Amino acid sequence: MLGGKIVSNAGPIAFIIKAFGDTLLAGTLSILIWLTYVISIAMFLSGFAGYFLPLLHISNTALHRDIVESCLIGVFVLLHLLGTKAVGKAELYIVLIKVGILLFLFA
């Protein structure tokens, strides 16, 4: 609903600026949102590595987790560099894999 009222490429930052103006508070909140994105991505990577390594019967050491996390970051950076069409195709395949897993588990 808010997205229809405030049209911008800035996402949630546009809502903050609209509410508080271009102030120090808006800037601080914007930085905090960015930091929460970074922290949540780090948590997703850590969780993925924690499940991925045992799936492949690889010992779950700090070095192995770091390698998996770094490779995953590299894959998504490379995907981003390939452009929006590549991201769209990858998203389609990721969703198909997730739906396939759910169908397998609940069939």
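Modeller: Helices here are DSSP runs of H or I, at least four residues long, numbered from the N terminus. The model is predicted.

Biologist: Where is the place of isoleucine 39?

Modeller: Isoleucine 39 sits in helix 3, residues 24–55.

Biologist: What makes Ile31, Leu32, Trp34, Leu35, Val38, Ile39 and Met43 a patch?

Modeller: A patch residue needs over 30% relative accessible area and no salt bridge, and nonpolar side chains are joined within 5 Å. These seven names form such a nonpolar patch on the surface, with about 720 Å² of accessible area together.

Biologist: Which residues of helix 3 are buried?

Modeller: Ala26, Ser30, Ile33, Leu45, Ala49 and Leu53 are the buried ones. Buried means under 20% relative accessible area, so these residues fall below that cut-off. They pack against helix 2 (12–20) and helix 4.

Biologist: How do you know that the span of helix 4 agrees with 1.5 Å a residue?

Modeller: Helix 4, residues 62–82, has 21 residues and should span 30 Å. Its end C-alpha atoms are 30 Å apart, so the two agree.

Biologist: What are the buried residues of helix 4, and why are they said to line one face?

Modeller: Val68, Glu69, Leu72 and Leu79 are buried. Seen down the axis of helix 4, they fall within an arc of 95°, so they line one face of the helix. Their cover includes helix 3 and helix 5 (84–106).

Biologist: Which residues on the other side of helix 4 are exposed?

Modeller: Leu63, Leu78 and Leu81 are exposed there. Exposed means over 50% relative accessible area, so these leucines pass that cut-off.

Conventions. Residues are numbered from 1 along each chain as its sequence is written. This is a predicted model: local features need pLDDT of at least 70, side-chain atom pairs count only at pLDDT 80 or more; totals for chains, interfaces and linings use all residues. Side-chain values use heavy atoms; hydrogens and water are left out. Patches are made of residues with over 30% relative accessible area and no salt bridge: like charges are joined within 9 Å, nonpolar side chains (Val, Leu, Ile, Met, Phe, Trp, Tyr) within 5 Å. Accessible areas come from the Shrake-Rupley method with a 1.4 Å probe; for residues, only the protein chains shown count as cover. A salt bridge is a side-chain nitrogen of Lys or Arg within 4 Å of a carboxyl oxygen of Asp or Glu. Helices (H or I, at least four residues) and strands (E, at least two) are DSSP runs, numbered from the N terminus. The expected span of a helix is 1.5 Å times one less than its number of residues. Buried means under 20% relative accessible area, exposed over 50%, partly exposed in between (1.4 Å probe, protein chains only). The arc is that of the directions from the helix axis to the C-beta atoms. Contact means heavy atoms within 4.5 Å.
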